[in-house]
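Colleague: I'm new to this one. Could you take me through the aromatic rings and what sits around them?

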There are 2 protein chains.
Amino acid sequence: MIIAENEKPIGMFDSGVGGLTVAREVMRNIPNERIVYFGDTARVPYGGKSKDTILRYSRQIVRFLQQQDVKAIVVACNTASAFALEEIRTEIDIPMIGVVKPGAKIACEVTKNNRIGVIGTKGTISSGLYTEFIRDINPCAQVIGKACPLFVPLVEENMLKDPVTVEMATRYLSGLKEQDIDTLILGCTHYPLLRSVIREVVGETVTLVNPAYETARSLKCLLEERGLANTKALGDDSNPYQFYVSDAADSFREFANTILPVDIRNATKINNIEEYQETGGTV
Amino acid sequence: MIIAENEKPIGMFDSGVGGLTVAREVMRNIPNERIVYFGDTARVPYGGKSKDTILRYSRQIVRFLQQQDVKAIVVACNTASAFALEEIRTEIDIPMIGVVKPGAKIACEVTKNNRIGVIGTKGTISSGLYTEFIRDINPCAQVIGKACPLFVPLVEENMLKDPVTVEMATRYLSGLKEQDIDTLILGCTHYPLLRSVIREVVGETVTLVNPAYETARSLKCLLEERGLANTKALGDDSNPYQFYVSDAADSFREFANTILPVDIRNATKINNIEEYQETGGTV
């Protein structure tokens with residue numbers, strides 16, 4: 001059966017469960033779209049790893065998603081968006097978007113004093129990519145970045161409102177507050193799950209930007225512009241969301257069911273993601 | 001040049017830097033031995049991953065070490081010792097030891113009340129392997145295990161004596177104290193670096209067992225029994241310790257130089273560890 005281009009699924013990937021916050025926003029905001037999600041749970045986390053390793057892993061996953069016949073790819077991971085997106089985009093013939101640019105764009109729209117904070121993994125912050133995108137849009141903006149390396153393990157331990165998490169948030173964020181930011185980008189897909197603690201520490205005057213939501217909006221525009229939006233509702237499709245992981249499918253499924261608006265029935269484990277042929281040159 | 005069997009290096013591997021605590025004990029206690037160490041820094045951490053993934057990764061690394069012509073292999077990682085050692089040992093023709101059995105053995109020797117605590121990653125604790133080995137030696141022993149998943153990221157953030165680390169140690173260890181243990185196995189190679197905090201929380205009456213030290217002692221006996229001990233001092237060898245990693249060689253080297261008794265000059269990055277042929281069947 002030949003499937004019309006606009007009825008094909010969106011491919012989406014992350015180092016693990018964090019990108020599910022992006023999948024959630026796509027499900028809520030573009031409800032006609034099918035999704036094929038890959039979580040690289042065997043090699044999680046990406047945040048402290050080098051650019052060439054992230055690029056190699058991302059290429060393998062993109063190749064896997066292409067074999068699932070997706071019509072577009074969302075890099076639902078800030079680290080991979082920072083390190084791999086620009087290069088891989090030139091190597092494939094379907095549209096590809098990440099989470100960094102949409103987050104940068106909305107931060108520029110909402111800031112009033114041009115002082116924008118960004119929090120993320122070591123990789124995302126050291127890449128400087130948020131700063132670069134923000135300055136492209138608004139050369140007057142001051143961007144203050146801060147890596148928060150313990151936030152991911154704290155989320156994965158489900159310590160979302162724990163005093164230890166509040167203490168670490170206070171340490172990580174107090175310097176940003178002193179710099180008088182009025183906008184803070186949650187530059188790691190895990191961080192929206194810490195929203196209430198972060199809000200408590202930075203106070204009500206700072207606008208929190210969730211790139212997951214902005215990415216879903218950007219994806220919607222992109223699909224419409226390219227004539228790729230699915231105009232049919234998913235009513236007849238009993239399983240529009242497919243999940244693949246490189247390890248620990250059961251715990252992935254459990255975590256997914258705590259944050260997604262629909263229950264997922266299963267996640268399929270792929271044992272040989274490293275064997276998916278790279279789409280570009282070797283790294 | 002043909003190298004005599006007993007002058008060949010010891011192969012050693014871990015998910016990352018943790019196994020350097022084992023390398024340190026080998027350097028101190030068997031100073032004639034050369035070492036080839038592999039740290040799987042691209043795929044770190046191993047602690048939360050499944051048995052079949054750990055087995056697959058361990059097989060690739062063992063194959064890599066065999067190609068470096070090592071005379072024996074030390075699995076310097078509790079998770080890999082728990083999940084992969086017994087199976088891979090049957091597939092290769094050089095001796096292979098892990099860190100779990102030596103730690104279990106000494107704990108049985110030092111306990112007076114037969115109540116032994118074990119702390120480690122989720123993988124190590126859920127494997128039940130410490131309990132199994134301890135019960136083999138002393139069927140009367142009560143073994144109380146506790147996973148401490150935040151300890152590894154706290155060590156990697158160098159928060160070795162931080163109040164947050166003390167708080168997490170108190171939470172993780174207070175249940176063990178209440179169970180009246182007199183011996184506590186530090187069942188993850190990162191944990192000896194938290195020794196002073198753990199000592200503070202459990203008090204002076206509990207004996208802390210460091211499997212890294214016991215593993216070096218077991219390795220020494222094994223090499224002597226098999227006629228594999230190097231009888232020549234390393235005086236002439238200007239570079240007896242070789243380090244390989246799958247990512248981020250510079251930060252590995254920096255960390256290594258904070259804990260090893262000798263400065264290492266460089267760590268070599270291996271980009272294709274997943275391509276090393278597996279020694280057994282596919283998983």
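Modeller: Searching the whole structure turns up 18 aromatic pairs over all chains. Rings of Phe, Tyr and Trp (its six-membered ring) pair if their centres lie within 6.5 Å; planes under 30 degrees apart count as stacked, over 60 as edge-to-face and the rest as tilted. Take A:Tyr37 and A:Phe252: their ring centres are 5.9 Å apart with the planes at 40°, so this pair is tilted. A:Tyr37 belongs to strand 2 (residues 35–39) of chain A and A:Phe252 to helix 12 (residues 249–259) of chain A, so the pair ties together parts 215 residues apart in sequence. Helices (H or I, at least four residues) and strands (E, at least two) are DSSP runs, numbered from the N terminus. A:Tyr37 is buried, at 0% relative accessible area, and A:Phe252 is buried at 1%. Buried means under 20%, exposed over 50%, partly exposed in between (1.4 Å probe, protein chains only).

Over in chain B, B:Tyr37 and B:Phe243 make a tilted pair, 5.8 Å centre to centre with 45° between the planes. B:Tyr37 sits in strand 2 (residues 35–39) and B:Phe243 in strand 9 (residues 241–245) of chain B, 206 residues apart. Both B:Tyr37 and B:Phe243 are buried.

Back in chain A, ring pairs join A:Phe38, A:Phe64, A:Tyr244 and A:Tyr276 into a cluster. There's also a charge over a ring (NZ of Lys or CZ of Arg within 6 Å of the ring centre and within 35 degrees of the ring normal): A:Arg43 lies over A:Tyr57, 3.7 Å from the ring centre.

This is a predicted model: local features need pLDDT of at least 70, side-chain atom pairs pLDDT 80 or more, while totals for chains, interfaces and linings use all residues. Residues are numbered from 1 along each chain as its sequence is written, chains are lettered from A and ligands numbered from 1 in the order written, and side-chain values use heavy atoms, leaving out hydrogens and water.
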